[in-house]
Amino acid sequence: MAKSFYITTPIYYPSGKLHIGNTYTTVLCDTLKRYKQERGFDTYYLTGMDEHGKKIETVANERNIPAIEHVNEIAEETKNLWDKLRISYDDFIRTTEKRHKTVVQKIFEQLLDQGDIYLGTYKGYYCMPCESFYTETQLEENHTCPDCGRETTQLEEESYFFKLGKYQKKLLQFIENNPDFITPETRKNEVVAFIKQGLNDLSVSRTTFDWGIKVVSNPKHVVYVWIDALSNYISALGYGTDQNRLFEKYWKGEEVVHVVGKDILRFHAIYWPIMLMALDVPVTFKLHAHGFYMMREGKMSKSKGGVIYPDTILKYYGLDELRYFLLRELPYGGDGVFTPESFVDRINFDLANDFGNLLNRTVSMINKYFDGKISYQDETLDDIDKDLQNTIEEVIVSYKENMNTLKVAQALQEVWRLISRTNKYIDETMPWVLAKDPEKQDVLEKVMYHLAESLRHIGILLKPILLNAIPELFEQLNIEDKHTVWESLTFGSKRQYAVVSKPTPLFPRLDTEVELKKLKDAIKGETEEKSVEESEKMITIEDFAKCDIVVGQVKSCEKHPDADKLLVSQIDLGHGKTCQIVSGIAKHYKPADMVGKKVIVVQNLKPVKLRGILSEGMLLAGTNKNTQEVLVSTKLNPGDKIK
Ligand code: MSP
């Protein structure tokens, strides 16, 4: 029976358009799946969308549409993109689907029943763009997020916690016993060092927003987005349901690989195996964390602009150009940079000159010297031929080793070593000289045969990557299917060639100047396009006028009975009106200091209960450089309107 191979991408946040950075992971997994399929594995490829969380809720609110409508739209767009890129995924999971939600709820309740999860209070700082909580000591200057540098919000809320620490030893032991669990090695070392610092209990539920999966036994809580998201890798296989055939087959099969970017390493290398251990599900996966694609100007972000999108590349160039560039330019374990120059060079030098031209010359020469037909010749083999044959053998071995260890850029480098060797073979054998000597006809035919066989091998190795060019190459060399498969990778296994009468270039050469301009404009253009999007966040004077802001005077003030940080003030709004406001300023003001203060009040905010006490508005305050909250005060009188 065929061995199984289950591969997954992270599930993407529907928070913006996917750029070539996110696309890289999906293309990489697609390539690995195709390779494994070629090697006879029974494969299953999962990708999808991570659709819950405050960030998504906020994006949908900004667009003024229900969150589900927003995520439906992006999921559709994403699927269209993957179709255009011919991504061969077998399943596309969305965390808003019932099949996923049920499993997450079941997992959560089980962990709760077992005592791995308990109810407590969360105090910390939340970074919305990163969907992450930090303790005060983890923050950068001015309470900014250590990962993205943006401002964080201080929160205190009831929360469920996962006892990660309970599994710390077991996880370290597991990593030690499975040295290839996390690759590359440097990432593994980061993880081990992190675990050794000690794992704190992890907050795994939220009460501050709704857009998530509800905790069944306490529905005011939604499940933390990472517990929700990570479960997709097994919920999609039917784990925990009657329909668990795929789970039994692929999760418990021979190879399970999660490919992720380095930014989400910790979630996958720590939380996920611990969740599985707690659930008593075998930790069968291997984790590969790759580096980032950057732009010359720095990091790519879905919301920052100045990036390049896969659609743009598809519009101007082809699918193979995009796939080849992405896979070739990101070094194993490191980061890569997309520059218009490197992109155009890769197409012109690697694809058009080295590879495309080799096919072109070979087909032309076989036509010119032998009317398109040649057959196996070995009577005249010499050192140059043997050297080419040896290179073919060596490259097959190293390609295989690299692909098996997910080093696709290195595998490609090896194939290009063979391409260069084959080009050099033409220079060394000089067919145009041999052609002039009627005595050398058999030598010339041997040379042509070596070229065709080398190209056939190159084609088989590049099949998982160049989805259009390789079938085209097989067609131009007129190779029947049985000689285009991995099993036929033996020099001499195809004995005769009858090639097409006229070659067509696989990759047209690009005019460097024209293409550089086009790409640079596209990157800039998209910056502008993004700025328009950004400008949608701006408000008009009419929007501002919706805020009803007046001057108020504090009549009385007391501490909130259940929260140290909150004060409850009774405020005179003039014209006989009063209101009650709860504000988080107890660290900076004593109740007695508040009485008599003139303050600025937003009086038409929707009332909310804060720790059980009604708050009917908001006091405006600023933060000074000592990060003290200072109330904005005024010489105006209660009831005066601020415009
Ligand atoms: N939703 C989470 C993943 C949950 S998986 C259980 C998430 N989503 S994401 O949309 O923000 O990112 C998805 C993937 O894209 C991550 O692997 C991330 O590392 C990767 N990349 C984001 N920017 C990237 C580059 N510039 N370059 C390469 N990969 C990048 O994280």
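Reply: Two strands pair if DSSP finds at least two bridges between them; strands (E, at least two residues) and helices (H or I, at least four) are DSSP runs, numbered from the N terminus. Strands of a sheet pair through backbone hydrogen bonds, either parallel or antiparallel. This is a predicted model, in which local features need pLDDT of at least 70, side-chain atom pairs count only at pLDDT 80 or more, and totals for chains, interfaces and linings use all residues. Residues are numbered from 1 along each chain as its sequence is written, and side-chain values use heavy atoms, with hydrogens and water left out. Here six strands form an open sheet with parallel pairing, in the order β3-β2-β1-β11-β12-β7.

Me: Which strands are the edge strands?

Reply: They are β3 (91–94) and β7 (182–183), each pairing on one side only. Elsewhere in the sheet, β11 (255–261) and β12 (285–290) run parallel and are joined by six bridges; V257 has K286 of β12 as its bridge partner.

Me: How many residues line the second largest cavity in each class?

Reply: A cavity is a set of points on a 1 Å grid over the protein atoms alone where a 1.4 Å probe fits but cannot get out; lining residues have an atom within 4 Å of a point. Ala, Val, Leu, Ile, Met, Phe, Trp, Tyr, Cys and Pro count as nonpolar, Asp, Glu, Lys and Arg as charged, and the others, Gly among them, as polar. In this case the lining has five nonpolar, one polar and two charged residues, including G53, E131 and R206.

How values were computed: On a 1 Å grid over the protein atoms alone, a cavity is a set of points where a 1.4 Å probe fits but cannot get out, and a pocket is an open set with protein on both sides within 12 Å along at least five of seven lines; lining residues have an atom within 4 Å of a point.
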